[in-house]
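Please read them with the structure open beside you.

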Amino acid sequence: MPARFHRIEALFGGLLDQITYAQLAALVGNADACEDEDLDYKATHYEKEKKAELAKDVAALANTIGGVLVLGLADDRTSRIPTAVVPVELTDTRLRQIRATVASNVRPAPRIELIAKEDAPGSNQGILIIAVPRSLDAPHAVIEHNQDHRLAYPRRDGDTTRWLTETEVATAYRRRFQQLTERGDRIVHVGQDAEDSADHFAEDIHVRGQVA
């Protein structure tokens with residue numbers, strides 16, 4: 001099931017997999033569409049030398065509240081408002097590169113969804129949405145290959161990205177383990193409820209059989 005991003009959907013005018021290229025292009029000049037904690041614009045693709053930046057941006061969204069990266073819209077560096085459509089390549093090769101980069105450079109690898117909006121039917125150019133749901137597996141670390149494979153933990157802070165401190169990383173891990181425990185408890189309770197319901201149903205059938 002596709003992830004839901006209610007604020008972004010309201011801003012864009014529909015579900016991410018249903019909105020059109022024209023709806024995204026209409027964000028240009030819209031002051032309400034400025035970059036925020038859950039929204040980041042990129043005028044171009046993350047090229048080979050920008051793999052670390054892609055990993056950082058994806059991990060930062062997963063570590064915060066989730067959100068989307070929009071490739072193909074340039075923005076003003078001061079106001080953070082979209083200023084122009086700059087169509088990017090939407091080929092399968094590009095999409096595979098993005099998935100491979102995230103899988104190879106973020107630990108644990110977060111879930112992402114790639115949603116391509118062609119600028120014309122049959123075109124391999126347009127706007128690409130990288131949707132990153134908020135993750136229950138946070139914190140996600142970026143592997144810094146030029147730093148002896150050191151792990152660093154980014155998160156969104158308003159319309160910018162910062163690195164978590166050691167204390168914040170420890171807190172995030174505690175939260176992850178607590179959520180895992182709570183999910184396990186919920187599964188146990190659901191299983192117990194189902195078992196109780198089955199017992200009651202069997203007992204009711206037995207009683208009805210005796211009455212009959």
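**Notes on the predicted model**

1. I begin with Arg80, which is buried, with a relative accessible area of 16%; buried here means under 20% relative accessible area, exposed means over 50%, and partly exposed lies in between, as computed with a 1.4 Å probe on protein chains only. Arg80 sits in the loop between strand 3 (73–75) and strand 4 (82–85), where helices (H or I, at least four residues) and strands (E, at least two) are DSSP runs numbered from the N terminus. The phi angle of Arg80 is near 65°, a positive value in a residue other than glycine.

2. A word on the basis of these notes: this is a predicted model, in which local features need pLDDT of at least 70 and side-chain atom pairs count only at pLDDT 80 or more, while totals for chains, interfaces and linings use all residues. Residues are numbered from 1 along each chain as its sequence is written, and side-chain values use heavy atoms, with hydrogens and water left out.

3. Two cis peptide bonds deserve a look in the viewer. One joins Arg107 and Pro108, with omega at about -15°, and Pro108 belongs to the loop between strand 6 (106–107) and strand 7 (113–118). Another joins Ala138 and Pro139, with omega at about 10°, and Pro139 belongs to the loop between strand 8 (125–132) and strand 9 (141–144).

4. Turning to charged side chains, the structure holds 18 salt bridges, a salt bridge being a side-chain nitrogen of Lys or Arg within 4 Å of a carboxyl oxygen of Asp or Glu. One of them is formed by the side chains of Arg4 and Glu9, at 2.7 Å from N to O; Arg4 is partly exposed at 47% relative accessibility, whereas Glu9 is buried at 7%.

5. Asp40 takes part in two of the contacts that I would examine next. With Lys42 the side chain of Asp40 makes a salt bridge of 3.7 Å, N to O, and with Arg156 Asp40 makes a salt bridge in which the closest N and O atoms are 3.5 Å apart. Because Asp40 lies in strand 1 and Arg156 in strand 11, the latter pair ties together parts that are 116 residues apart in sequence. Salt bridges that share partners join Asp40, Lys42, Lys50, Glu53, Asp57 and Arg156 into one network. Among these residues, Asp40 is buried with a relative accessible area of 6%, Lys42 is buried at 16% relative accessibility, and Arg156 is buried at 4%.

6. Which residues does Asp38 contact, leaving aside its neighbours within four places in sequence? They are Arg7, Ile8, Leu61, Ile65, Gly66, Gly67 and Val68, where contact means heavy atoms within 4.5 Å. Asp38 itself is found in the loop between helix 2 (21–25) and strand 1 (39–42), and with 9% relative accessibility Asp38 counts as buried.

7. For the packing of helices, consider helix 3 (residues 51–62) and helix 4 (residues 92–105), whose axes come within 9 Å and cross at roughly 75°; axes are lines fitted to C-alpha atoms, for helices over the stretch in contact, and angles run from 0 to 180 degrees between N-to-C directions. Helix 3 and helix 4 are therefore roughly perpendicular to each other, given that angles of 65 to 115 degrees count as roughly perpendicular, under 35 as roughly parallel, over 145 as roughly antiparallel and the rest as oblique. On the helix 3 side, Lys51, Leu54, Ala55 and Val58 meet Ile98, Thr101, Val102 and Asn105 of helix 4. The residues of this contact divide into five nonpolar, two polar and one charged.

8. Finally, a search of the whole structure finds two aromatic pairs, where rings of Phe, Tyr and Trp (its six-membered ring) pair if their centres lie within 6.5 Å, with planes under 30 degrees apart counted as stacked, over 60 as edge-to-face and the rest as tilted. Tyr153 and Tyr173 form an edge-to-face pair, 6.1 Å from centre to centre with 80° between the planes. This pair links distant parts of the chain, 20 residues apart, with Tyr153 in the loop between strand 10 (150–152) and strand 11 (154–157) and Tyr173 in helix 5 (residues 166–211). Tyr153 is buried at 11% relative accessibility, while Tyr173 is partly exposed, with a relative accessible area of 25%. Ring pairs link Tyr153, Tyr173 and Phe177 into a cluster.

Notes:
Nonpolar A, V, L, I, M, F, W, Y, C, P; charged D, E, K, R; others polar.
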